[in-house]
Amino acid sequence: MRELRIVYMGTPDFAVYPLQKLLEAGYKVVAVVTNPDKPAGRGQKIQESPVKKFAVEKGIPVLQPERFRDERFLEELRAFQADLQLVVAFKMLPEVVWNMPPLGTVNLHASLLPDYRGAAPINWAIMNGERCSGVTTFLLKHEIDTGNLIFQERVEIGPNMTAGELHDQLMYTGADLLVKTVEAMTVGNYPLQDQAGLLAGREPKHAPKIFKEDMKVDWTLDLDTIFNHIRGLSPFPTAWTEFRNKKTGETVSLKIFETERIVKEHGKEVGLSTDNKTYLDVLVEGGIIRIKELQLSGKKRMKTEEFLRGFHIEDYSL
């Protein structure tokens, strides 16, 4: 088969490394589609997506549609005459886009489909205490993340692994899997497996978008559930809690980035315990959550020892 013409679609850091690996493998990426530039941060400076920055650096044409059904965008996309489109960490596409190239559109998804379909598969896998995750390549069709599977690769989740660490591991593994998939499609020899058959009648586990209320720590839950919740949201979008001043009734909000899980029968109610110098513990069902790294609203991220130097915890409760 002649050299494939590939259009690559993605936005965040997760999508940069697979694109880099495709170029290193010698594949012809004729265009990149990514999100429009948008203001971000305190200064509201216009930010380009990580994928756009990389594509510009490599001299690859970039399309940034506001709407996928816009006729001008569709004309520009058709003009690249792609044989195959690849999607990594991008928005839902309408059929007019994903059905355009003769070989279809392949998505790289950060879970072992059919489980953890949706926007936040990395976070939910850890929050749910899974021991294993992975990456999947599949052909796009109408319902989100439901197309026929091509290849999968498993990745172990360590007992203390954070979402950030799993993100990086899946990014590297996924890049290799995407190259393997394109290689197979180039020669026209690749498996297609129906997801419904893998489910065998059960409901898949879901990975919906995470909202602020999902990120709040519920200290009434058990030790493992709380520990998994916090590491599954670290470093982004980050678990949070509130401390209440016992005298004034005021509350302060803080993000929690790192904790230690200590299995211990303490026989006490849920509450705070500290020496006001070196440790900050929350007594919960089944043990202790030791907070190691946190961030007060409006302040920088810091170690607990630094936090305790300027915050008198004895005045506060959960």
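Predicted model: local features only at pLDDT ≥ 70, side-chain atom pairs only at ≥ 80, totals over all residues.
Is K303 buried, partly exposed or exposed? Side chains of opposite charge can pair when their charged atoms come close. The structure holds 14 salt bridges, and several of them are visited below.

**First stop.** Select R202 and D115. Their side chains meet in a salt bridge, with 2.8 Å from N to O. R202 lies in the loop between α7 (195–199) and α8 (212–215), and D115 lies in the loop between β7 (105–109) and α5 (121–127), so this pair ties together parts that are 87 residues apart in sequence. Colour the two residues by accessibility: R202 counts as partly exposed, at 38% relative accessibility, whereas D115 is buried, with a relative accessible area of 12%.

**Second stop.** Select E293 and K303. The closest N and O atoms of this salt bridge are 3.4 Å apart. E293 belongs to strand β14 (residues 287–296) and K303 to strand β15 (residues 302–303), ten residues apart. E293 is buried, its relative accessible area being 13%. K303 counts as partly exposed because its relative accessibility is 45%, and buried would require a value under 20%.

**Third stop.** Select E306 and K300. They form a salt bridge whose closest N and O atoms lie 2.7 Å apart. E306 is partly exposed at 31% relative accessibility, while K300 is exposed, with a relative accessible area of 51%; the cut-off for exposed is over 50%.

**Last stop.** Select D37, E48 and K52 together. These residues are linked in a network of salt bridges.

Definitions and conventions:
Residues numbered from 1 in each chain as written. Heavy atoms only, no water. Salt bridge = Lys/Arg side-chain N within 4 Å of Asp/Glu carboxyl O. Helix = DSSP H or I, 4+ residues; strand = E, 2+ residues; numbered from the N terminus. Buried < 20%, exposed > 50% of the residue type's maximum accessible area, 1.4 Å probe, protein only.
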